[in-house]
Amino acid sequence: MQTLTATGDGMDIDYKVNTPIATDQFITLLRESTLGERRPVEDRDCMEGMVRNSNLMVTAWCGDKLIGIARSMTDFYFACYLSDLAVHEKFQGSGVGRQLQSITQAQLGPRCKLILLAAPAANSYYAHIGYTNNPRCWVLERGQAISTRHA
């Protein structure tokens, strides 16, 4: 585990790598960041699995309050899928999200790409911090079967 401290706006924010968090902390943060609108926060088993099975989590703390998370799955060499980037609404716009992404990227190998799907309201945010838009993303929803028809 690694801890970094950043000071801004009169507050100390601690950033931690792979520090365990409770499912309830994760759910609360998602609700306080608006990301909860697009996550199954009412499905506790799913939320527990999301926390338990992530292999790279960078968290931001103001005292003992979880105020941000970058939750990823990665091989550390080629691809890192940043599946959740959430920052408490009161801390949005203060650089917490950018710092979470920077620390995530620092954990990865030199050839490893950081990949994410942007929330509709945040889509324009990523281009100005260096991401390249890729229109070739495809999603197969749970419950939707793979088609056996040939194109």
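Reader: Is Q25 buried or exposed, or does Q25 count as partly exposed?

Author: The general idea is a scale of relative accessible area: buried means under 20%, exposed over 50%, and partly exposed in between, with a 1.4 Å probe and protein chains only. Q25 has a relative accessible area of 28%, so Q25 is partly exposed. This is a predicted model, in which local features need pLDDT of at least 70 and side-chain atom pairs count only at pLDDT 80 or more, while totals for chains, interfaces and linings use all residues. Residues are numbered from 1 along each chain as its sequence is written, and side-chain values use heavy atoms, with hydrogens and water left out.

Reader: Where does Q25 lie, and which residues does Q25 touch?

Author: Helices (H or I, at least four residues) and strands (E, at least two) are DSSP runs, numbered from the N terminus. Q25 belongs to helix 1, residues 23-33. A contact means heavy atoms within 4.5 Å. Leaving aside residues up to four places away in sequence, Q25 touches W61, D64 and L66.

Reader: How many helices and strands are there in the chain, and in what order do the elements run?

Author: The chain has 3 helices and 6 strands. Starting at the N terminus, the order is β-β-α-α-β-β-β-α-β. The radius of gyration, taken over C-alpha atoms, is compared with a globule rule of 2.2 Å times the number of residues to the power 0.38. Here the radius is 16 Å, close to the 15 Å given by the rule for 151 residues, so the chain is as compact as a globular protein of that length. Along the principal axes, the C-alpha atoms fill a box of roughly 60 × 35 × 30 Å.

Reader: What share of the residues of the chain count as buried, and what share of the contacts joins residues 24 or more positions apart?

Author: Of the 151 residues, 36% count as buried. Among contacts with a separation of 6 or more, 56% are between residues 24 or more positions apart.

Reader: Which residues of helix 2 are buried, and what covers them?

Author: In helix 2, residues 44-52, the buried residues are M47, G49, M50 and V51. Their cover includes helix 1, strand 3 (56-62), strand 4 (65-74) and strand 5 (79-87).

Reader: Where is N53 found, and is N53 buried or exposed?

Author: N53 sits in the loop between helix 2 and strand 3. With 54% relative accessibility, N53 counts as exposed. A separation can be read both along the sequence and in space: N53 and F26 are 27 residues apart in sequence and 13 Å apart in space, C-alpha to C-alpha.

Reader: How many aromatic pairs does a search of the whole structure find?

Author: Rings of Phe, Tyr and Trp (its six-membered ring) pair if their centres lie within 6.5 Å; planes under 30 degrees apart count as stacked, over 60 as edge-to-face and the rest as tilted. The search finds 2 aromatic pairs. Y125 and Y126 form an edge-to-face pair, 4.9 Å centre to centre with 80° between the planes. Y126 and Y131 have ring centres 5.3 Å apart and planes at 80°, so they too are edge-to-face. These ring pairs link Y125, Y126 and Y131 into a cluster. Y126 is buried at 10% relative accessible area, whereas Y125 is partly exposed at 24% and Y131 is partly exposed at 21%.

Reader: What is the phi of T34, and what is that of F76?

Author: T34 is not a glycine, yet has a positive phi of about 80°. T34 is in the loop between helix 1 and helix 2. F76, also a residue other than glycine, has a positive phi near 70°. The place of F76 is the loop between strand 4 and strand 5. T34 is partly exposed at 27% relative accessibility, and F76 is partly exposed with a relative accessible area of 27%.
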